[in-house]
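This report concerns the packing and the surface of one protein model. Please keep the sequence and the structure in view while reading.

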Amino acid sequence: MVNKTRFYIYTIGLLPFVLLLFTGVILVKYHTGAAPESTVLGGDAHFWFSFHKVIAVITIPLILLHLFVKTDWVKSLLRFKVKGRFKTTNSILFVVFVLCSLTALVSWLIIDDPAISGNLGGIHNKFGILLIILFVIHVWNYRKRIIAQFKQLK
């Protein structure tokens, strides 16, 4: 039987996270030298950076809620006692998510020096690309469970 509360928490967090990853992919264009006034899907660099930040503000609490539901797993991770078929990819996904979030938040909210912020932004971009890859692997690993849970909701 599917735990509907958990399922809804996961589902509600999925769309903003996918939007966050999608806008991150768009921002790669600007980080690789495209003119800030050039547009992608009708938005320029300023629009996409702003939208990405807004989606991040929405997404991070939802991901934290997802992890709160998985409190036992997080405790196991912090004690280096994670078990399960996908323990390695899940653990790496968690670490990359934390590093990606921290580099973004520190460069956005704490550091005033544009050079340091820029360097942190570059690190954030690399972690972001890795995060996208790991997220796809994460969803792929759990695809059968996800499909089964959707079917049980009917």
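## Basis

The model is predicted, so local features need pLDDT of at least 70 and side-chain atom pairs count only at pLDDT 80 or more, while totals for chains, interfaces and linings use all residues. Residues are numbered from 1 along each chain as its sequence is written, and side-chain values use heavy atoms, leaving out hydrogens and water.

## Nonpolar cores

A nonpolar core is a set of buried Ala, Val, Leu, Ile, Met, Phe, Trp, Tyr and Cys residues joined through side-chain atoms within 4.5 Å; buried means under 20% relative accessible area, exposed over 50%, and partly exposed in between (1.4 Å probe, protein chains only). The largest core has 19 residues, among which Phe-17, Trp-73 and Leu-131 touch the most other members. Helices H1 (4-31), H2 (45-69), H3 (71-78), H4 and H5 (114-141) each give two or more residues to this core. Helices here are DSSP runs (H or I, at least four residues), numbered from the N terminus. H4 supplies the largest share, five residues.

A second, separate core of six residues includes Ile-26, Leu-27, Tyr-30 and Val-40.

Trp-108 is found in helix H4 and is partly exposed, with a relative accessible area of 35%.

## Loop residues with positive phi

Leu-41, in the loop between H1 and H2, has phi near 50° and is exposed at 66% relative accessible area. Phe-80 lies in the loop between H3 and H4; its phi is near 60°, and Phe-80 is exposed at 79% relative accessibility.
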